[in-house]
Structure formats: structure tokens, C-alpha cells
Amino acid sequence: MTETTETAPGWLAPEELEAVRGRMPILYVDAVPVRVDETGVVTRVGLLLRIGSDGTISRALVSGRVLLHERVRDALVRHLEKDLGPVALPNIPPSPQPFTIAEYFPTPGVTAYHDPRQHAVSLAYIVPVAGDCRPRQDALDLIWFTPEEAASPQVQQEMTGGHGVLLKQALAHVGRLP
């Protein structure tokens with residue numbers, strides 16, 4: 001038995017998580033926060049500014065693990081609240097459907113998605129948010145870009161691990177890829 005203090009059911013101790021990551025894919029959710037106009041057209045895309053464990057700064061989507069006994073919808077809400085704040089007011093339907101599935105590999109080049117820690121499968125969603133977003137946890141800032149700015153080479157080169165590819169897929173999915 002591991003002697004750790006659990007903060008929430010479904011969490012693994014760091015050494016347990018490391019062992020699992022080395023043996024099987026982990027389920028994640030990725031969320032592209034967007035602002036929409038009154039007709040539902042995406043007008044802005046929110047990208048987080050994060051600092052990596054190696055000290056590098058990059059832009060990122062909302063992302064995180066799905067816990068044991070946690071519904072995907074609840075994982076989306078939890079990660080959106082964790083990164084965007086408790087009053088972001090995400091509009092997640094009762095039965096969310098991903099716009100794509102991203103498969104991250106620890107070996108670069110297998111897919112467009114790379115995570116050096118693990119093999120992960122992520123359900124990716126486009127989530128309209130209507131409230132006041134204030135980055136929390138390990139996010140330094142949240143910047144709202146137009147779809148054209150978000151797809152620009154300057155912003156894309158600031159995204160790592162394949163998040164830029166995923167963002168472009170999201171923009172194409174909603175008909176906003178310039």
C-alpha cells in the first residue's frame with residue numbers, strides 16, 4: 001500500500017503513474033476554448049501560455065487526464081475550470097462528441113502528436129466559453145486570438161507536442177481555417 005495523501009479519488013502516486021505510463025496508454029481530454037458570436041460562429045480561440053518543466057514557454061490547449069470513475073464530460077469541466085477559472089462558463093453538451101482523437105507517442109514522428117512521458121489517447125473537443133477566464137494552476141496567461149491569428153505561423157511555432165496541429169484541425173472542423 002502506498003502512503004500518500006489522496007486529494008481526489010482516482011489519483012495515482014507519482015511512482016504508480018510512472019509505472020502505468022510505461023505499460024499502457026493513458027486517456028486524456030484536449031479542449032480548444034472558443035468564443036462564438038450570436039450565430040455560433042467561432043470568433044476567438046483561447047490559448048494558454050505555459051512554462052514547461054524544462055523552463056521553455058509555449059502556447060497550449062486545455063489538456064489533462066481522465067480519472068478513474070470520472071465521466072469525460074466531468075473531466076472536461078474540471079480541466080477547463082482548473083486552467084480558465086471557475087467562472088469561464090463552458091458550454092459542454094450533455095453528451096459531448098470529440099471532433100477528433102489525438103494519439104500522442106513518446107517516440108517523435110509516429111504521429112503529429114508527441115508526449116515524451118507516455119503513450120496517450122486524447123479525445124479533443126471545441127468548447128465555447130462565455131464567462132470571465134482567468135488562468136490558474138500552471139498557466140501563466142490566456143490570450144484570445146482570432147482564428148486567423150491562431151493559425152498563423154508565428155502562433156503555431158509557439159505550440160509544442162502537436163497542439164498546433166490539433167488547433168488547426170479544430171479550426172477546420174468549424175470552418176474557420178484561413
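## Strands around E2

This is a predicted model, and the account begins with strand E2, which covers residues 42-51. Strand E1, made of residues 26-36, pairs with E2 in the antiparallel sense, and 3 bridges connect them. Within this pairing, Arg35 stands opposite Arg44, a residue of E2. E1 and E2 form a hairpin that has 5 residues between the strands, and in its turn Gly40 has a positive phi of about 90 degrees.

Strand E2 also pairs with strand E3 (residues 57-60), to which it is joined by 4 bridges, and these strands run antiparallel. Here the bridge partner of Arg50 is Ser58 in E3. A hairpin is formed by E2 and E3 as well, with 5 residues between them, and Gly55 in this turn has a positive phi of about 90 degrees. A further antiparallel pairing, over 6 bridges, links E2 to strand E7, which spans residues 139-145, and in that pairing Leu48 has Leu142 of E7 as its bridge partner.

## Two nonpolar cores

Which residues of the largest nonpolar core touch the most other members? This core has 23 residues, and the ones that touch the most other members are Val32, Val45, Leu47, Leu166 and Leu167. At least two residues of the core come from each of E1, E2, strand E5 (100-104), strand E6 (120-128) and helix H5 (163-173).

Val45 can be followed in more detail: when its neighbours within four places in sequence are left aside, Val45 is in contact with residues including Val32, Pro33 and Val34, and also with Ile143, Trp144 and Phe145. Further along the chain, its contacts include Pro147, Ala150, Leu167 and Leu171. Apart from this core lies another one, of 18 residues, and among them are Val66, Leu76, Val127 and Cys133.

## Salt bridges

How many salt bridges does the structure hold? There are 9 salt bridges in the structure, and one of them joins the side chains of Arg44 and Glu149, with 3.9 Å from N to O. This pair links distant parts of the chain, since Arg44 belongs to strand E2 and Glu149 to helix H3 (residues 147-150), and the two are 105 residues apart. Arg44 counts as partly exposed because its relative accessibility is 33%, which lies between the limits of 20% for buried and 50% for exposed. Glu149, with a relative accessible area of 38%, is therefore partly exposed as well.

Another salt bridge is formed by Glu158 and Arg59, whose closest N and O atoms are 2.7 Å apart.

Arg78 has a relative accessibility of 24% and so counts as partly exposed, while Glu70 counts as buried because its value is 18%.

Note on methods:
Residues are numbered from 1 along each chain as its sequence is written. This is a predicted model: local features need pLDDT of at least 70, side-chain atom pairs count only at pLDDT 80 or more; totals for chains, interfaces and linings use all residues. Side-chain values use heavy atoms; hydrogens and water are left out. Two strands pair if DSSP finds at least two bridges between them. A nonpolar core is a set of buried Ala, Val, Leu, Ile, Met, Phe, Trp, Tyr and Cys residues joined through side-chain atoms within 4.5 Å. Buried means under 20% relative accessible area, exposed over 50%, partly exposed in between (1.4 Å probe, protein chains only). Contact means heavy atoms within 4.5 Å. A salt bridge is a side-chain nitrogen of Lys or Arg within 4 Å of a carboxyl oxygen of Asp or Glu.
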